[in-house]
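Dear colleague,

Please find the structure below, together with its sequence. My notes on what was found in it follow.

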Amino acid sequence: MPAADKTVSTTRITVPEDLPFELKKADYDRVRPEHAHGPLVAMTVLTQMAVGAFAAIWLRSLIRAGGSPPYGAAIAFAIAVLALGASTFHLGRPVHAYRALRMWRRSWLSREVLAFSLFAGVAFAYAAALWMRIPAATLLGGTTVLFGIAGITSSAFIYLVPARPAWNSKHTVSEFFLTAAILGSLFGSITTIAATAAGLQLLNQAVKFLWLTRSDEFELRASARLLSHDLHTAFLLRFALLITGGIVLPLTGWPVLALAIATAGEMLGRYLFFVSVVPRNIAASFFSRKAA
Amino acid sequence: MNLKRLIGLDTAQEKYSYSYDAETGYTSSARVPERWVATTCGYCSVGCGMFVGVKDGRAVAVRGNPAHLVNRGKLCPKGLSEHHTLAAENRALHPMLRRAGHMERVGWDEALDTMVEKFRCVQARYGRDALGIISTGQLVTEEFYALGKLAQIGFGTKNYCGNTTLCMASAVAGYKRTFGSDGPPGAYEDLERADVILLIGANVADNHPILCARLEQNRQKTLIVADPRVTKTAMMADIHLPLKPRTDIALINGIAHILIRAGLIDTNYIERHTTGFADLKASLEKYTPEYVSEITGLAQEQIYRTALLYGRAKAAFIGWTMGVNHSTQGAETVNAINNLALITGQIGRPGASPFSITGQCNAMGTREAGCTSSLPGYRKFESAADREEIAQLWNVDVSEIPTSRGLAYPDIIEAAVGRNIRALWIIATNPVVSYPNFSVLQQAFESLEFLVVQDGFYPTPTSEFAHLVLPAAIWGEKEGTYTNSERRCSKVNKAVDPPGEARPDFDIFLSIAEKLNCRDRLFRGWTGPRDAFEEWKRVSKGRLCDYSGMTYELLEQHGGVQWPFPEGATTGVKRLYEDGHFEHSDGKAKLLPIEWQPFPEQPNAAYPLIFNTGRTVEHWHTRTKTGQVAILDSMAPRAWLEMNPRDARSLGLKPHDRVDVVSRRSRVSGVEVRITEIVAPGQVFMPFHYAESNSNLVTQSAFDPISREPNFKQCAVRVEKTGATA
């Protein structure tokens with residue numbers, strides 16, 4: 001039974017005090033992948049890609065490394081719009097999405113919506129300025145990147161909740177920012193940064209998996225068990241795509257293919273992020289609805 | 001999906017709206033009824049009072065009746081969702097007749113004409129007793145009473161029994177042998193007033209959940225649970241006695257042995273109210289703690305401790321259910337329990353009772369009024385005076401009353417195999433799932449010339465074999481009375497109309513009587529259940545189960561009344577035998593020496609495990625009802641096999657693996673294995689509710705010679721990983 005302060009529980013459940021130590025939950029052996037949240041996979045990866053892309057465009061403009069063609073920013077903006085559009089499909093009432101803004105003082109989700117809305121707005125102005133070669137573009141670029149970073153930070157902090165132990169770690173924050181770094185630098189054709197970021201992502205995922213495997217906590221071990229059993233093909237593929245798209249192809253001069261494969265790798269990684277989390281629940285029945 | 005719903009403008013407000021109900025407060029609008037109909041739950045024999053909420057002619061909600069003396073407003077998960085059974089998709093809607101191998105819809109007239117013609121034909125050719133009738137514990141008493149007359153006089157067959165033989169027959173036979181009559185002597189109130197409660201083979205937490213609420217009212221009790229499994233009830237116990245399967249007689253005899261040796265018996269009570277003590281005492285000599293410990297696997301200290309607690313109790317209660325009854329020594333186990341209660345004087349006082357907790361909602365009704373194992377009013381077939389009395393009450397010739405009971409349920413099935421029974425009428429029961437050793441039953445069904453299945457549900461596994469299916473109304477669609485385990489008669493009321501062409505069983509019986517040209521003779525002037533109840537009151541008058549003072553209005557007003565309730569009575573009688581006067585001709589109870597025997601099919605190298613069966617709280621019997629209630633079914637959608645980790649390890653099994661359970665008779669395939677220390681090594685447990693994984697494929701045809709109850713609880717099996725031998 002998880003402690004009540006792990007969630008804001010409204011139901012009081014009492015269990016006998018003298019339960020045997022070795023007593024296990026009836027559903028102990030029935031750990032199943034969680035919901036994949038398709039729109040969120042798309043939204044988080046694509047917003048991170050867009051933020052990374054604008055960062056790459058801005059950095060290149062700062063060091064005057066020839067700059068990207070003006071349509072680069074337009075494409076990045078289109079990706080951001082696509083991502084934010086996708087996210088509304090996750091809502092029960094998309095038409096009232098704006099209402100999410102109201103809780104920005106206390107909710108990371110609200111802050112995420114706020115930060116990405118501002119990001120999209122400024123990014124549009126930045127892309128337009130680059131397109132029209134307006135001189136204030138660099139300042140707008142910096143602001144875009146700043147809001148983007150705020151957005152990714154908010155995204156990551158949404159998942160830092162005690163009820164989902166496998167999410168509730170710094171690995172989540174690292175994963176989100178490294179996705180931005182890999183895909184953004186590939187978008188901006190900064191291959192060395194892309195390869196470095198991909199290497200770090202590899203390390204981040206490997207360390208996270210080891211942490212899950214060696215944990216004393218049931219839910220974390222169960223997450224590791226999902227990754228190494230039920231989901232092991234997808235898990236191995238995720239690493240293969242990361243190495244191929246993030247390291248091998250960029251360094252061997254296949255930037256476009258690298259971006260496509262690395263994006264697929266990060267999407268798969270995010271899918272695994274959602275499905276492999278084991279929530280901290282009270283015991284459920286021995287059965288799942290579907291036959292085992 | 002429409003666009004408005006997709007973008008969130010349409011939020012299905014109508015579906016999710018809530019309203020205020022004066023009784024239940026704010027609740028979903030769909031569940032706020034126009035009126036509440038008071039009734040009694042139709043599942044188990046606890047007999048909880050409840051209300052059914054009706055809106056637009058449909059039952060939309062239920063709630064417990066806070067004023068009802070049994071449940072005080074509480075309901076178990078099955079009761080709380082009972083209204084969903086009424087609108088289940090598998091309700092029987094029309095009479096169906098098999099023609100050229102296919103079931104075809106026919107009218108009621110044609111259905112009943114065919115039934116009567118076929119039955120008459122079989123009886124004319126093979127004798128009257130070639131017709132068998134198997135009923136249930138689910139009808140109202142008025143229907144049981146009518147059916148008894150229809151079977152015994154109308155059809156003139158004495159081979160009429162009920163599925164109560166698969167359930168309570170051992171308790172009935174045990175009570176009759178000890179006390180001279182059936183009738184549970186105690187009351188639920190005893191659970192609150194006893195200082196020691198011994199439950200033997202009774203998992204009330206799963207099977208009679210509302211009794212747990214009564215148990216928990218009792219703060220002073222010591223609860224002892226004797227059960228081979230660590231059931232949910234055992235988890236509630238102060239002392240759990242995990243005895244080896246079917247060793248309860250040894251345990252009870254062992255307790256009696258210790259109490260006699262320690263002088264913790266009531267010699268005065270034994271002297272005045274019992275016979276046979278000397279023989280009993282002699283028979284108990286050998287049940288020393290050492291011997292009992294060897295048989296039961298319990299430590300001697302546990303046996304001593306239990307005996308001393310029971311012996312020193314001011315008021316001690318023994319409750320039992322199927323762990324005792326489902327046995328080839330069921331009736332004798334009941335006798336052993338009664339012996340213990342009698343020698344300690346633990347009967348007929350508040351808190352003190354040997355109490356069989358009954359199974360179905362109205363098993364008691366059929367025991368008292370049903371004319372199966374005895375004549376109505378606990379009269380005996382064998383007694384000329386009783387037969388004479390009944391003949392007079394029914395205004396029939398005494399020669400029409402059988403002089404002995406007909407075949408019991410298992411014997412009807414075996415007689416069908418032997419082609420002595422040629423036609424069978426099954427009412428509101430599902431033997432394909434509930435009868436042991438399915439292959440014998442299958443052979444019986446396939447040997448029949450005509451099988452009629454009367455049920456509220458269609459198709460059922462049993463109706464697959466039927467030549468004719470009669471659609472019946474169920475709980476919530478008809479009126480009458482149920483009597484619960486503590487002899488409390490409660491009113492059952494109609495809340496909604498039956499679906500399609502389904503009719504109350506009562507109407508069906510009267511229509512059949514009409515076709516038989518005996519309606520006027522047997523049911524003169526009857527129009528509804530109230531007429532049957534009035535006649536049953538006259539028939540029960542002066543008997544132990546005296547209903548003569550009850551009226552429907554009184555039952556409604558009191559929320560149920562305990563019998564005996566003779567004319568002029570104002571309150572029910574909580575306990576029988578308070579004066580120590582029993583129903584044997586000498587007015588005394590019989591102490592019967594009982595010897596423990598091992599169960600018939602012991603495990604061996606080929607079949608090393610002992611197979612135990614039972615229930616789970618979510619389901620009722622064979623799931624024709626509860627399998628259709630989504631909220632219940634989703635909690636326990638499939639059968640499972642409980643196995644101890646030690647056995648699982650030796651078989652290389654992991655949790656949720658699929659296994660086959662194999663006995664000498666057959667195999668149940670693909671059961672999900674649950675590895676748990678709830679069962680001891682060497683034993684496995686499986687629920688018996690599931691037609692899809694039918695435990696009765698492997699159980700054996702072994703019956704109590706006294707009660708004819710099957711030995712469902714123990715047989716020898718082996719477990720194989722599914723597909724391992726394919």
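What is the volume of the largest cavity? The largest cavity has a volume of about 520 Å³. Please bear in mind throughout that this is a predicted model, and that every value in this message is computed from it.

Cavities

A search of the whole structure finds six cavities of 30 Å³ or more. The largest cavity is lined by 34 residues, and those closest to its centre are B:Q138, B:N163, B:Q360, B:A428 and B:H621. By class, that lining divides into 15 nonpolar, 14 polar and five charged residues.

The second largest cavity has a volume of about 340 Å³. Its lining is made up of 29 residues, with B:G201, B:D227, B:G323, B:N612 and B:K713 nearest the centre. In chain B, α17 (322-325) and β23 (609-614) each supply at least two residues of this lining. Which element gives the largest share of the lining of the second largest cavity? That element is β23(B), with four residues. The lining of the second largest cavity comprises ten nonpolar, twelve polar and seven charged residues.

A pocket lined by helices of chain A

Turning to the pockets, I would draw your attention to the second largest pocket, which has a volume of about 640 Å³. There are 31 residues in its lining, and A:L40, A:S87, A:L91, A:L109 and A:E112 lie nearest its centre. Four helices of chain A, namely α1 (38-62), α2 (70-88), α3 (108-131) and α4 (137-158), each supply at least two residues of the lining. The lining residues of the second largest pocket divide into 18 nonpolar, nine polar and four charged.

The interface between the chains

How many residues of chain B are in contact with chain A? The contact involves 20 residues of chain B and 16 residues of chain A. The size of an interface is often given as the accessible area lost when the parts come together. Here the area buried between chain B and chain A is about 1500 Å², and carbon and sulfur atoms give 62% of it. Three residues, B:R638, B:H656 and B:R674, supply 34% of the area that chain B buries against chain A, which is more than any other three residues.

The count of salt bridges between chain B and chain A is zero, while three residue pairs are in polar contact across the interface, with both residues at pLDDT 80 or more. On the side of chain B that touches chain A, α1 (3-7) and β26 (667-675) of chain B each supply at least two residues. The residues on that side of chain B divide into ten nonpolar, four polar and six charged.

Salt bridges

Side chains of opposite charge can pair when their charged atoms come close. Over all chains, the search finds 47 salt bridges. One of them joins B:K149 and B:E535, with the closest N and O atoms 2.6 Å apart. This pair links distant parts of the chain, 386 residues apart: B:K149 is in helix α6 (residues 141-155) of chain B, and B:E535 is in helix α26 (residues 529-540) of chain B.

Backbone details

Where are cis peptide bonds found in chain B? One joins B:Y458 and B:P459, with omega about 0°. In this pair, B:P459 belongs to the loop between β17 (450-455) and β18 (468-471) of chain B. Another cis peptide bond, also with omega about 0°, joins B:W563 and B:P564. The loop between β21 (561-562) and β22 (589-590) of chain B holds B:P564.

In chain A, the residue A:R133 has a phi near 55°, a positive value in a residue other than glycine. A:R133 is placed in the loop between α3 and α4 of chain A.

With kind regards

Technical notes. Residues numbered from 1 in each chain as written. Chains lettered and ligands numbered in written order. Predicted model: local features only at pLDDT ≥ 70, side-chain atom pairs only at ≥ 80, totals over all residues. Heavy atoms only, no water. Contact = heavy atoms within 4.5 Å. Buried area = accessible area lost by both parts, 1.4 Å probe. Salt bridge = Lys/Arg side-chain N within 4 Å of Asp/Glu carboxyl O. Polar contact = N/O pair within 3.5 Å; in protein donor to acceptor, adjacent residues only side chain to side chain. Nonpolar A, V, L, I, M, F, W, Y, C, P; charged D, E, K, R; others polar. 1 Å grid on protein atoms, 1.4 Å probe; cavity = no way out; pocket = protein on both sides within 12 Å on 5 of 7 lines; lining within 4 Å. Points joined across faces, edges and corners; volume = space filled by probe spheres on them.
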